[in-house]
Amino acid sequence: MKPYFFLTVKERCRTVARRTACLFAFTRGDRRAMSLLLILLAGVVALRASAVVKPAKMWLASPEETEILAQLPQTEERVHAASRDTVSRSARYIPPAYMQKRKFNVDLNVADTFDLQEIRGIGSVYAKRIVAHREKLGGFVHVEQLREVWGIDSLTYSRMLPSVYIASPVLRKINLNQADIKTLRNHPYLDYYQAKEIYLHRMKKGDFRSVEEVRDVNLMDAETFARVAPYLCVD
């Protein structure tokens, strides 16, 4: 047999045809199975065409089933009745005591992060931010200072408001006659330049005799003084 490379075109075509016929060659059992499958398929098509085999939806219900279905309400009525029954059951449901959320009021100046998390809308992140802001301030003077905490918007604040209060503010105050620039600057209500002016004013004119004298310091506006005054002292 000559190598495939030396065959003519006609010989190559015959070789390819023989190889293809070998690939698709069927035994006698294969041909019988295929014939039986074709006969069954033709029978199903013929039965469907003659309407002998009906779809499931075409079969009629028996008289007994028809009578039972007639006694039942319509579909929409059944749905509404089921929904009303569900609502009534949920309205009657009373959760056990351990599942009921009790009202919880906290003092902002003494509450820890676990106490704050009992308030509606406050998670661990907000609780940590509130405590951190309280430590920087030296304590809360009024509840509205919660609005200064980063992330607490008006909606969150309104949810918290019924659950928080300030009984008696015990503040950590800054002594104006002893504090340096860094100590003054660390307070959230004072910036570096205001802290520096307070320090220079004391160096030039001596100790402060009252907190009101801070109003004479350069760069100290009325709004800033009103906010920071409760955290200052001269003793």
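Biologist: Is Glu212 buried, partly exposed or exposed?

Modeller: Glu212 is partly exposed, with a relative accessible area of 47%. Buried means under 20% relative accessible area, exposed means over 50%, and partly exposed is in between (1.4 Å probe, protein chains only). Keep in mind that this is a predicted model, where local features need pLDDT of at least 70, side-chain atom pairs count only at pLDDT 80 or more, and totals for chains, interfaces and linings use all residues. Residues are numbered from 1 along each chain as its sequence is written, and side-chain values use heavy atoms, with hydrogens and water left out.

Biologist: Ok, and which side chain does Glu212 meet in a salt bridge?

Modeller: That's Arg215, at 3.9 Å from N to O. A salt bridge here is a side-chain nitrogen of Lys or Arg within 4 Å of a carboxyl oxygen of Asp or Glu. Arg215 is partly exposed too, at 48% relative accessibility.

Biologist: How many salt bridges are there by this rule?

Modeller: Four. Another one joins Glu213 and Arg209, at 3.1 Å. Glu213 is buried at 17%, while Arg209 is exposed at 73%.

Biologist: Switching to rings: how many aromatic pairs does the structure hold?

Modeller: Two. Rings of Phe, Tyr and Trp (its six-membered ring) pair if their centres lie within 6.5 Å; planes under 30 degrees apart are stacked, over 60 edge-to-face, and the rest tilted. Tyr189 and Tyr231 make an edge-to-face pair, 6.1 Å centre to centre with 65° between the planes.

Biologist: Where in the chain do Tyr189 and Tyr231 sit?

Modeller: Tyr189 is in the loop between α8 (181-185) and α9, and Tyr231 is in the loop between α10 and β4 (232-233), so the pair links distant parts of the chain, 42 residues apart. Helices (H or I, at least four residues) and strands (E, at least two) are DSSP runs, numbered from the N terminus. Tyr189 is buried at 7%, and Tyr231 is buried at 0%.

Biologist: And what about Tyr192 and Tyr193?

Modeller: Tyr192 and Tyr193 are an edge-to-face pair as well, at 5.5 Å and 75°. Tyr192 is partly exposed at 40%, and Tyr193 is exposed at 57%.
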